[in-house]
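Colleague: Could you take one part of this model and go through it closely, residue by residue where that helps? I would like the cut-offs behind each term as you go, and then a view of how that part sits beside the rest of the chain.

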Amino acid sequence: MNVRAAAANILFQVVDKGQSLSSALPLGQQQVKPRDQALLQEICFGALRILPRLESVASELMDKPLKGKQRVFHHLILVGIYQIGYMRIPAHAAVGETVEATKTLKGPKLRGLINAVLRNYQRNQEQLDEISVSHNAGKYGHPGWLLKLLQESYPQQWEAIVEANNTKAPMWLRVNHQHHNRDDYQALLKNEGIDSTAHPEALDALKLAAPCDVNTLPGFDKGWVSVQDAAAQLSINYLEPKDGELILDCCAAPGGKTAHILERTKDSQVVAIDCDETRLKRVHDNLKRLKLQAKVVCGDARTPSEWWQGEQFDRILLDAPCSATGVIRRHPDIKWLRRADDIEALAALQSEIFDAMWQQLKVGGTLVYATCSITPQENKQQVKAFLARTNNATLIGSDIDNPGRQILPGEDDMDGFYYAVLKKA
């Protein structure tokens with residue numbers, strides 16, 4: 001498939017149909033030549049980061065929007081605008097290839113319209129770009145509700161958060177402690193001409209100077225290393241798993257934290273549970289590559305009696321379902337798929353799971369509550385409410401008035417993440 005046509009179709013599926021980029025992009029990549037897969041990803045990620053600007057330019061250049069069966073061609077126009085305005089592709093090539101995509105999308109009658117719109121943008125780019133950033137959505141690349149939430153929650157940091165959300169995320173590696181320590185693996189990378197930087201807190205984390213194909217990483221196929229953001233790797237610092245313990249990773253897919261627990265312990269029994277059978281396949285795949293074993297269960301975390309009849313757990317990592325507002329730089333579609341009322345619904349779900357998991361924890365056991373969110377409702381307020389209703393819960397390592405640790409996007413070049421450690425009295 002023409003790569004611009006594939007990009008338009010992916011944007012249509014995400015923006016108009018509400019499908020996640022994580023599911024739409026891999027399907028699209030299967031339809032283009034291998035050499036075009038990186039270009040397709042760049043167009044889709046980039047366009048979603050600055051979607052309001054592209055929409056603004058398109059609205060200035062068209063008398064009326066394309067609707068119904070022609071909606072995919074609206075997104076094709078956005079693809080063309082993004083290439084001309086924000087990529088190094090020569091303008092004539094961007095226009096020509098985008099117009100050519102009308103054949104693939106079976107809309108040859110729209111060829112003239114799309115050609116005219118893109119050439120008009122090319123001629124008046126400076127003026128149109130100024131208009132596109134004259135409103136907050138275009139200037140900051142975030143929907144109004146999310147921008148307001150960030151401004152209210154982080155009055156001093158919201159602009160830095162927005163900027164971090166709109167940048168490309170670095171590639172972080174997690175070195176498998178069972179094969180190499182971090183310094184030794186960093187030396188292996190250097191021998192291959194791959195530069196990296198160690199993280200000050202996440203003791204297995206290395207940040208690559210530039211992303212690369214995982215198959216070029218020494219021993220990737222042997223399980224020597226995995227790709228995982230440093231903020232997610234910090235879960236091991238807070239959980240502090242010990243050898244021989246019974247440990248639950250709740251809401252575990254895709255399995256990075258499950259694997260990290262196993263890499264850092266001996267003879268521990270780790271149970272990984274998630275309610276999504278499809279996502280659990282990735283847990284199995286990761287464990288297989290790393291040659292690790294865990295008990296993987298498909299079940300609803302709110303009703304543990306349906307999937308667990310064993311002993312209570314020594315430690316529980318509750319990586320709760322959340323708005324994922326801390327990982328927008330990796331998933332720019334989150335900005336356009338989430339709604340303001342999602343936060344309240346997610347907080348209610350988290351509360352249910354929190355209470356259910358507490359019942360599965362041994363007396364003296366440790367539960368780590370974690371999200372990849374930065375909204376106070378899902379994090380500090382959630383933990384405060386839990387402590388208020390749970391007499392035998394003690395907060396560890398932080399102040400009850402400001403419970404847990406909130407990592408903001410871009411801090412030490414990490415994703416946004418939240419951790420709170422609780423002990424059962």
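Modeller: I will begin with the nonpolar core and the helices around it, and then turn to the annotated region.

This is a predicted model, in which local features need pLDDT of at least 70 and side-chain atom pairs count only at pLDDT 80 or more, while totals for chains, interfaces and linings use all residues. Residues are numbered from 1 along each chain as its sequence is written, and side-chain values use heavy atoms, with hydrogens and water left out.

The largest nonpolar core has 50 residues, and those that touch the most other members are Ile10, Leu21, Leu40, Phe73, Ile77, Ile81 and Ile114. A nonpolar core here is a set of buried Ala, Val, Leu, Ile, Met, Phe, Trp, Tyr and Cys residues joined through side-chain atoms within 4.5 Å; buried means under 20% relative accessible area, exposed over 50%, and partly exposed in between, with a 1.4 Å probe and protein chains only. At least two residues of this core come from each of H1 (3-16), H2 (21-29), H3 (37-49), H4, H5, H6 (91-104) and H7, where helices (H or I, at least four residues) and strands (E, at least two) are DSSP runs numbered from the N terminus. In soluble globular proteins, nonpolar side chains tend to be buried together.

Leu40 belongs to helix H3, and it counts as buried because its relative accessibility is 0%. With neighbours within four places in sequence set aside, Leu40 is in contact with Val3, Ala6, Ala7, Ile10, Leu25, Gly28, Gln29 and Val32, contact meaning heavy atoms within 4.5 Å.

On the H4 side, Leu51, Arg53, Leu54, Glu55, Val57 and Ala58 meet His74, Ile77, Leu78, Ile81, Tyr82 and Tyr86 of H5. These contact residues divide into 9 nonpolar, 1 polar and 2 charged; Ala, Val, Leu, Ile, Met, Phe, Trp, Tyr, Cys and Pro count as nonpolar, Asp, Glu, Lys and Arg as charged, and the others, Gly among them, as polar.

Further along, H7 (residues 111-123) packs with H8 (residues 125-132) at an angle of about 90 degrees, their axes being 5 Å apart, and these two helices are therefore also roughly perpendicular to each other. Asn120, Tyr121, Gln122 and Arg123 of H7 make this contact with Gln125, Leu128 and Asp129 of H8, a set that divides into 2 nonpolar, 3 polar and 2 charged. In the loop between H6 and H7 lies Lys106, whose phi is near 60 degrees, a positive value in a residue other than glycine; at 74% relative accessibility, Lys106 counts as exposed.

As for the rest of the chain, a second, separate core of 44 residues includes Leu146, Trp172, Ala202 and Leu262. An unreviewed UniProt entry lists residues 161-425 as "domain: SAM-dependent MTase RsmB/NOP-type"; UniProt positions are in the numbering used here, feature names are shortened, and annotations may be inferred rather than shown by experiment. Over residues 161-425 the chain is 30% helix and 23% strand. From Leu40 to Val162 the separation is 122 residues in sequence and 24 Å in space, C-alpha to C-alpha.

The "binding site" annotation of the unreviewed entry includes Pro254, Gly255 and Gly256. Pro254 lies in the loop between strand E5 (246-250) and H15, and the peptide bond from Ala253 to Pro254 is cis, with omega near 10 degrees. Gly255 is in the loop between E5 and H15, and counts as buried at 2% relative accessibility. Gly256 lies in H15, a helix (residues 256-263) that is mostly covered, with 8 of its 8 residues buried.

Methods:
Axes fitted to C-alpha atoms, helices over the stretch in contact; angles between N-to-C directions. Parallel < 35°, antiparallel > 145°, perpendicular 65-115°, else oblique.
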